[in-house]
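Work through the exercises below with the sequence and the coordinates at hand. Each task is followed by a stepwise solution.

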Amino acid sequence: MSDKETTTFDNKCLILGELWIDYRTEPDLEDFVQYNDLGLPLGFMLAEGLITPTKRAEQLIDETWAMLLVAFGIEEDTGFTSFEELMLG
């Protein structure tokens, strides 16, 4: 088990939800948003407490999160707490 801090599930949901709500129409993110048409709104709904997480929901969030890090060229999850922090690297 790693001692490194990674982004919590709740923060993943917050960040993915923020991306979906505030940035889904950004041309640079069009492909990512289209491909993750389940994971991003799911993150929003979980972050807002509109639904209860299931094992499958957690898997979708983790998959979407991993793709986001790759899309942004982030090689290591260092425990992000906000979308702004993620963007600043």
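**Exercise 1.** Is threonine 64 buried or exposed?

Solution. The model is a predicted one.
Step 1: locate the residue; threonine 64 lies in helix 4.
Step 2: take its relative accessible area, which is 3%.
Step 3: apply the cut-off, under 20% for buried. Threonine 64 is therefore buried, at 3%.
Step 4: list its contacts, leaving aside neighbours within four places in sequence. Threonine 64 touches Leu16, Phe32, Asn36, Gly39 and Leu40.

**Exercise 2.** Describe how helix 1 packs with helix 4.

Solution.
Step 1: take the geometry. The axes of helix 1 (residues 9-23) and helix 4 (residues 55-71) are 10 Å apart, at an angle of about 65 degrees. The crossing is left-handed.
Step 2: assign the contact residues. Helix 1 contributes Phe9, Lys12, Cys13, Ile15, Leu16 and Leu19, while helix 4 contributes Glu58, Ile61, Asp62, Thr64, Trp65 and Leu68.
Step 3: sort them by class. The contact of helix 1 with helix 4 has eight nonpolar, three charged and one polar residue.

**Exercise 3.** Which residues of the largest nonpolar core touch the most other members?

Solution.
Step 1: the core has 19 residues, and those touching the most other members are Ile15, Leu19, Trp65, Leu68, Phe80 and Leu86.
Step 2: find the contributing elements. Two or more residues come from each of helix 1, helix 2 (30-35), helix 3 (39-47), helix 4 and helix 5 (83-88). Helix 4 gives the most, with five residues.
Step 3: examine one member. Leaving aside neighbours within four places in sequence, phenylalanine 80 has contacts that include Ile15, Trp65 and Leu86.

How values were computed. Residues are numbered from 1 along each chain as its sequence is written. This is a predicted model: local features need pLDDT of at least 70, side-chain atom pairs count only at pLDDT 80 or more; totals for chains, interfaces and linings use all residues. Side-chain values use heavy atoms; hydrogens and water are left out. Axes are lines fitted to C-alpha atoms, for helices over the stretch in contact, and angles run from 0 to 180 degrees between N-to-C directions. Helices (H or I, at least four residues) and strands (E, at least two) are DSSP runs, numbered from the N terminus. A crossing is left-handed if the near helix is turned anticlockwise from the far one by less than a right angle, and right-handed if clockwise. Contact means heavy atoms within 4.5 Å. Ala, Val, Leu, Ile, Met, Phe, Trp, Tyr, Cys and Pro count as nonpolar, Asp, Glu, Lys and Arg as charged, and the others, Gly among them, as polar. Buried means under 20% relative accessible area, exposed over 50%, partly exposed in between (1.4 Å probe, protein chains only). A nonpolar core is a set of buried Ala, Val, Leu, Ile, Met, Phe, Trp, Tyr and Cys residues joined through side-chain atoms within 4.5 Å.
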